[in-house]
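Trainee: I have the model open and would like to go through its architecture one point at a time. Could we start with how the strands pair?

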Amino acid sequence: MTLSDKLPLAAPHVLDEQQIRRAPKVLLHDHLDGGLRPATVIELAEHIGYRNLPTTDPAALGRWFRDAADSGSLERYLETFAHTCAVMQTPEALFRIAAECAEDLAADGVVYAEVRYAPEQHLAGGLSLDEVVDAVNAGFREGERRAAAAGHRIRVGTLLCAMRHADRSSEIARLAVAHRDRGVAGFDIAGGEIGNPASNHAEAFDYLRAQGARVTVHAGEAVGMESIHEAVLRCGAHRIGHGVRITDDLSTGPDGRVTLGRLASYVRDMRIALEVCPTSNLQTGAAGSYPEHPIDLLRRLGFRVCLNTDNRLVSGTTMTQEFQHLATTFGYGAAELEEFTVNAVKAAFLPFDERTALLNEVVLPGYARLRAEELGRVPAGAGSLV
Ligand SMILES: O=c1[nH]cnc2c1ncn2[C@H]1C[C@H](O)[C@@H](CO)O1
Ligand SMILES: [Zn+2]
């Protein structure tokens, strides 16, 4: 027994913002075109003569995105992306935005991220789909280098999105497979869920399955169980973007016991990760408030839940802030932040040996230290958590 084991344990204290920021976090659901720096949007708009921005003051623009997206409707939320996509049409702009994304995530303590975007939305300046992917990947490599020079370790992979309302999913699926060992970790389908079933893109999903590609699907955000059912059982999704409407398949008995229906059981049994994005869900109406958000229920029921930002600019958030909201609402501490992070590592579209190394070399040591800090055994900030 060591001396410290004999000391009475201090009551755990609430983690402060710095401690949460320093903890190694893993982010699987973040849109490149939803996370630009407001000042970058303004500079790039100026450069190309795009005159439709609602304001050219960076702080006001950041507020504008968050407020405009705070509509209770996914469709209205998605309208705000017209401004970001407008300034993402050249290799230079894509490179810069990806590099800044990696720097910003690293400064927020993210050690591994999968950042997604829809290549088909970046062709208006004459780029090919391959050129879009190459520019974004080069930007991420540069961002990783800059982050390392600033003392932050981060690795970023990408997910290529097809859009539900469009008809290029088979092309995007082929693009994702063609680039899979060169910076692309997998495929996603995004966009308005109502009236645009993922099964319209069956050919793309069949191809991805035949190629053994990794797939996530935005589902269970604006539409309920049928959308999740289709994503998992028709499209072969390994993860679900949002997925919070899986609660439609839960029932609570008079004694308070929660019973899982067949779909919810399948999702939990097969360890299909739910990429939960609480603030975005409040904006699009997928959840009413932080206390009413199902993330805590799903976590306690044993679903593989991870915590995400969705769109840092549009939702006015960061990984640190997402966790702070949950800490305030549900009393979460280091144990829950670690749980979400371990779940994210397990669900990451990385080879098994790389997931194991990320877990053992970065994540677990970081949280061992954070838990010690929480118990008051180690002064906050002593040594680096990342
Ligand atoms: O939460 C979302 N649900 C569905 N689609 C979304 C969400 N957030 C962003 N998108 C869309 C808008 C972007 O232009 C696109 C690709 O990143 O993905
Ligand atoms: Zn999303």
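Trainee: Which residue in β9 stands opposite Ile240?
Mentor: This is a predicted model, so local features need pLDDT of at least 70. Strand β6 (residues 239–242) runs parallel to β9, and 3 bridges join them. The residue in β9 that stands opposite Ile240 is Leu274.

Trainee: In what order do the strands of that open sheet lie?
Mentor: The edge strands are β5 (216–219) and β10, each of which pairs on one side only. The sheet has 4 strands with parallel pairing, and their order is β5-β6-β9-β10.

Trainee: What is the average twist from one strand to the next in the sheet β5-β6-β9-β10?
Mentor: The pairing in this open sheet is parallel. From one strand to the next, the twist averages 30°.

Trainee: What angle does the direction of helix α11 make with that of β5?
Mentor: Helix α11 (residues 225–234) packs on the sheet and touches β5 and β6. Another helix, α16 (residues 334–347), lies across β6, β9 and β10 and runs at about 105° to β10. For α11 and β5, the angle is about 170°.

Trainee: Is Gly241 buried or exposed?
Mentor: Gly241 has its place in strand β6. Leaving aside neighbours within four places in sequence, Gly241 is in contact with His29, Asp188, Thr216, Val217, His218, Ala219 and Glu275. The cut-off for a buried residue is 20 or more other C-beta atoms within 10 Å. Because Gly241 has 28 C-beta neighbours inside 10 Å, it counts as buried.

Trainee: How far apart are the C-alpha atoms of Gly241 and Ser169?
Mentor: Along the chain, Gly241 and Ser169 are 72 residues apart.

Trainee: What is the bridge partner of His31 in β2?
Mentor: β1 and β2 pair in the parallel sense over 5 bridges. Strand β1 (residues 25–31) is mostly covered, with 7 of its 7 residues buried. The partner of His31 in β2 is Arg116.

Trainee: And which residue in β3 is the bridge partner of Tyr117?
Mentor: β2 and strand β3 (residues 155–163) run parallel and are joined by 6 bridges. In β3, the partner of Tyr117 is Leu160.

Trainee: How many residues around ligand 1 are charged?
Mentor: Ligand 1 is surrounded by 18 residues, of which the closest are His31, Phe81, Ala118, Ala190 and His218. The elements that give two or more residues to this shell are α5 (74–79) and β2 (110–117). The shell divides into 7 nonpolar and 7 polar residues, and the number of charged ones is 4.

Trainee: How do helices α3 and α4 lie to each other, roughly perpendicular or roughly parallel?
Mentor: Helix α3 (residues 38–48) and helix α4 (residues 58–69) pack with their axes 8 Å apart, at an angle of about 105°. Angles of 65 to 115 degrees count as roughly perpendicular. That makes the arrangement of α3 and α4 roughly perpendicular.

Trainee: What is the phi of Asp310?
Mentor: Most residues other than glycine have a negative phi. Asp310 is found in the loop between β10 (305–307) and α15 (319–330), and it is buried, with 29 other C-beta atoms within 10 Å. Its phi is positive, near 65°.

Note on methods:
Residues numbered from 1 in each chain as written. Chains lettered and ligands numbered in written order. Predicted model: local features only at pLDDT ≥ 70, side-chain atom pairs only at ≥ 80, totals over all residues. Near = placed C-beta within 6 Å. Nonpolar A, V, L, I, M, F, W, Y, C, P; charged D, E, K, R; others polar. Buried ≥ 20, exposed ≤ 12 C-beta atoms within 10 Å, placed from the backbone. Pairing = 2+ DSSP bridges. Axes fitted to C-alpha atoms, helices over the stretch in contact; angles between N-to-C directions. Contact = placed C-beta atoms within 7 Å. Parallel < 35°, antiparallel > 145°, perpendicular 65-115°, else oblique.
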